[in-house]
Amino acid sequence: MRKTTLPPKQADYYGSNLTSSPAAYETLKAHFEDTGLEPNYYDLIVTGDLGSLGHEIVTDLFDRDGVKLSNYNDCGLLLFDRDTQDVHAGASGCGCSASVLCGYLLPGLLSGRWKRVLFCPTGALHSPTATMQGESIPGICHALALEGGN
């Protein structure tokens, strides 16, 4: 497992890594390194659910590496309208990711809207014992390369 270390200024700004964004960043980075693929190989890269703050963190971390993710979005940003709904940072990672995958991404792949989607659902490994002992809550992320369409 890799650990992302943010520069002190960013660590303070991002609440000392309290989201799953570092896990998403590390998973995406490892995927590109392991496969030799560039982000633009995919028509769409989607994390979920990091919400607006998490999306900004992942984008900032890749910007720091000199990598632009022009085809990157997040399930929370796709599912909710931040202008008309009071959702703040996002929603439930598993529910939001599943809804976007089944209701938007898979139909888009089957219709040929996209040929390649990198779907990266995120989550937190909550443990009542760890929380009571003052431990941090680890964030996780999986990468699924989906291909379809005509």
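Is C102 buried or exposed? C102 is exposed, and its relative accessible area is 54%. Keep in mind that this is a predicted model.

Now take another cysteine, C96. Its relative accessibility is 2%, so C96 counts as buried, the cut-off being under 20%.

What about disulfides? A disulfide is a covalent bond between the sulfur atoms of two cysteines. C96 is in no disulfide. Its nearest cysteine sulfur belongs to C75, and that sulfur is 5.3 Å away.

Next, D49. Where does D49 lie? D49 sits in the loop between β1 and α3. The strand β1 covers 44–48, and the helix α3 covers 51–64. D49 is buried, because its relative accessible area of 10% is under 20%.

Which backbone nitrogens lie close enough to the D49 side chain for a polar contact, within 3.5 Å? One is the backbone nitrogen of G51, 3.0 Å from a polar atom of that side chain. Another is the backbone nitrogen of G76, at 3.2 Å from a polar atom of the D49 side chain.

Last stop, P22. This proline is in helix α2, residues 21–35. P22 is buried too, with a relative accessible area of 11%. Now look across to V58. P22 and V58 are 36 residues apart along the chain. Their C-alpha atoms are separated by 7.1 Å.

Notes
Residues are numbered from 1 along each chain as its sequence is written. This is a predicted model: local features need pLDDT of at least 70, side-chain atom pairs count only at pLDDT 80 or more; totals for chains, interfaces and linings use all residues. Side-chain values use heavy atoms; hydrogens and water are left out. Helices (H or I, at least four residues) and strands (E, at least two) are DSSP runs, numbered from the N terminus. Buried means under 20% relative accessible area, exposed over 50%, partly exposed in between (1.4 Å probe, protein chains only). A polar contact is a pair of N or O atoms within 3.5 Å; within protein, one must be able to donate a hydrogen and the other to accept it, and residues adjacent in sequence count only if both atoms are side-chain atoms. A disulfide is a pair of cysteine sulfur atoms within 2.5 Å.
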